[in-house]
Amino acid sequence: MLDSSTRRQSSEQTRRVGPTNSFTRFKREWTEQSIQEIFQRQVVTRPCRIAVKTRHHAFTYRALNESANRLARAVLDEGKGSETVAILLEKEAQWIVAMLGVLKTGRLQVSLEPFSPQERIRHLLEDSQARLIVTNDRHFSRAKELAHDGCRVLNIDELGAHFSTEDLGLRVSPDALAFIIYTSGSTGAPKGVMLQHRTVLHRVMRQTNSFHICADDRLSHLGSFSAGQGLLNIFYALLNGAGLYPLDIKTEGLGPLASWLLEEGVTIYRSSASLFRYFIETLKAGQEFPRLRLVRLSSEPVTKRDIELCKKHFPPGCIFVNGLSTSETGIIREYFIDGETEIDASSVPVGYAVEDMRVLLLGETGREVSPGEVGQIAVKSRYLAPGYWRRTGMTEQLFLPDKERGDERLYLTGDMGIMLPGDLLVHAGRKDFQAKVRGHRIETAEIEMALRGCAAIREAVVMAEEDARGEQSLVAYLVPAQGKRLGTDALRLSLRERLPDYMIPSVFVLLDALPLTLSGKVDRLALSALAPVQAETEASYIPPRTPAENILAQIWGQVLGLGRVSADADFFMVGGHSLLAAQAIFRINSTFQIELQLRNLFESPTLSELALLIEDRLLEELEKLTEEEAQNLLARVVDSRTDGDHVYTG
C-alpha cells in the first residue's frame with residue numbers, strides 16, 4: 001500500500017504522465033492469476049490489433065496466441081518429464097511465440113542467448129536442469145550439440161500441422177515458477193533469479209499504473225529478451241493490449257533507429273543509458289519524435305547530461321523516468337522528470353517509493369541509518385522473487401524473513417543509497433564489486449575466474465572504471481606467470497571462448513605484483529589510481545597506407561579513444577564492442593557518404609580489410625554520379641578529418 005508521501009508522488013506522476021485515451025488500471029486481483037490468463041483477456045478483447053512487430057514479422061494478438069498454442073502442444077508432446085524448458089532463439093517474434101507457448105504449459109523456462117560462448121550455454125543448461133530445448137532451423141545443429149544426456153530438441157520451424165491452435169485450457173497457479181533469469185554470480189558462476197507468475201504480474205501492475213500504459217501505446221524493445229527488465233518490457237505491452245516493437249541493434253546498428261522510431265510511431269522508449277547516449281549522437285538537427293511520450297533509461301546510472309539531451313531532442317511533453325530496479329525486486333523507486341524539473345547535482349535521484357515496495361537503508365550492524373547517511377538499500381515486500389535457483393545458502397543470506405510481518409521478506413540489494421528530505425532516494429554505487437557495463441549486470445569475479453584460467457596469468461583483478469567517454473568500462477589488472485608474456489590479442493581471443501563480448505575488458509594493465517592492504521587483501525583503491533599502461537599487442541604498429549585507411553584510422557581512434565591505430569588492427573581486439581561498432585559505422589557512412597551495415601564491420605574487422613570494402617563501395621557510388629558530383633564526393637572524402645564528436649571537411 002501507499003503511505004502519504006508515496007500518494008503525493010503518485011499524484012504528481014499522474015499530473016506529469018497525464019491520462020491516455022484507453023488507459024485502464026491494472027487491478028490487484030489480476031495478480032492472483034497466471035500470466036497467460038491475462039494475455040488471453042487481451043486476445044479476446046483485441047484479436048486483430050498488432051501485438052508484436054519486428055523487421056521481418058508482424059503478429060496480431062490472435063495470430064500470436066494461435067502460434068503459441070501450437071508450440072505449447074508440441075512442448076507437452078515432446079517434453080514429457082521436463083519441468084524446465086530452455087529457449088535458444090534470437091531476438092525475434094519466434095522467441096515471444098516460444099516464451100508464451102511454454103507459459104501455457106505451466107513449465108518453468110530459461111532463455112539462452114544463441115551467440116553466447118558454448119561453455120556458458122552448456123553451464124546454464126545443466127544448472128537449470130532443462131530437458132527440452134526449443135530452437136529453430138538456424139540454431140538446431142548447435143542445440144543438438146549442446147543437448148546433454150536426456151535432453152531433447154524441438155525445432156519450432158518443423159511443427160507438425162496436426163498441432164491445434166485452440167487454447168489448452170490448463171490452469172496454472174500464480175505461485176508456480178515461470179522463469180529463471182540468469183545474472184553473473186558472486187562466486188564466479190551465473191546465478192538464476194526465480195520468478196513466479198504472481199511476481200511478474202505484480203511488476204506489470206506497478207509499471208502499467210505508473211506509466212499509464214494502454215492499448216494505444218507502442219513500446220520499443222532494444223535490449224535482451226532474457227534479462228529481467230527486458231522480459232518484463234514484453235509483458236508491459238502484451239498484458240495491456242499495446243504493441244511491442246523489437247529492434248536488434250547488434251544486427252541493425254544505430255543508423256536506422258531514429259527513422260524506425262518515427263515510422264513505427266513508438267510512444268514509450270526504453271534502453272540502457274549507454275545505448276541512449278550513442279543514439280543521441282546519430283540525431284540530426286531538428287529531428288522530432290511527436291508521438292514519443294515517455295523515455296525510461298535503465299541498467300546504469302543516469303546523469304544530468306542525459307536529462308538535458310532528452311529535453312533537447314524530444315517533445316516538450318515527453319516525460320523522462322529514472323528509477324532503480326533489480327531482477328530480485330523489480331522496480332523499487334521512480335523519479336518522473338518533465339520540462340519544469342530542475343536537476344541541481346550531476347547525479348539524478350532514483351526517486352520516490354512505489355506501491356508495495358518499502359526501502360530501508362541499513363548500516364554495517366543491520367540497523368537503519370539516519371537521514372542523509374549512506375546505507376545499503378534493502379527492500380521489504382511480499383512480492384520479492386522467491387530466491388535463487390538451486391542456491392539455498394545465497395537465498396537465505398540475501399532474502400531475510402521479516403520479524404514484524406510474516407508475509408513480507410527483506411532483500412539486501414548490495415546497492416548503497418542516501419535518503420534526501422521528502423523520501424527521495426539517491427543511488428550511491430555498489431557495496432560489492434558488481435558492476436553495470438553497457439546495460440549488463442556483471443560480477444567481476446566471473447571475469448577474474450576466466451582470466452586466471454589462462455596459463456600465462458598468475459593473478460587477475462577486474463574493476464569497472466570510468467573511461468574517457470564518462471562511461472563504465474572494464475579494466476583488467478594482471479600479473480603474468482613467471483616467464484610468460486601477455487598480449488591483448490591472445491587474451492581477448494581466449495576470453496571470447498568463455499565470456500560474452502560485454503564481459504571482455506577494454507583495457508589490460510600489466511603489473512609485477514598486485515598492491516595489498518595491511519590485512520593482505522587486494523588494494524583496489526591503489527589499483528584504480530595507477531596509470532593505465534596497457535599490455536602490448538602482438539603485432540607492431542603499421543601506419544595507414546591509403547587515404548581510406550588514414551581517414552578510417554582517425555574515426556576508429558575517435559570512437560575507441562586511441563591515439564593511433566595500426567593498419568592491421570582488429571576493431572574488436574583494440575577495445576571495440578557492438579555499441580562502439582554501431583557508432584563507428586554511423587560515422588563511416590556519414591564521412592564517406594556510403595551505406596555500410598553493422599555486419600560489414602564484424603565480417604571485415606581489421607582496418608585494412610574495412611578500408612578496402614569502403615574503397616569498393618566508393619567506386620560503386622562514383623559510377624552512379626555525374627563527373628561533377630564525383631569530383632565533389634572525392635574532394636570531401638580525401639580532405640576529411642575528425643574533430644571532437646564530428647567528422648568534417650576542411
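Which residues in α17 are buried?

Guide: This is a predicted model, in which local features need pLDDT of at least 70 and side-chain atom pairs count only at pLDDT 80 or more, while totals for chains, interfaces and linings use all residues. Residues are numbered from 1 along each chain as its sequence is written, and side-chain values use heavy atoms, with hydrogens and water left out.

In α17, the buried residues are A548, E549, I551, L552, A553, I555, W556, G557, V559 and L560. Buried here means under 20% relative accessible area, exposed means over 50%, and partly exposed lies in between (1.4 Å probe, protein chains only). The helix is thus mostly covered, with 10 of its 14 residues buried. An α-helix has 3.6 residues a turn, so residues three or four places apart point the same way.

Helix α17 comprises residues 547–560. Helices are DSSP runs of H or I with at least four residues, and strands are runs of E with at least two, numbered from the N terminus. The expected span is 1.5 Å times one less than the number of residues; for the 14 residues of α17 this gives 20 Å, and because the end C-alpha atoms are 20 Å apart, the two values agree. After the helix comes G561, whose phi is positive, near 70°.

As for the setting, the protein has 21 helices and 28 strands, and 57% of its 650 residues count as buried. Among contacts (heavy atoms within 4.5 Å) between residues at least 6 apart in sequence, 68% join residues at least 24 apart.
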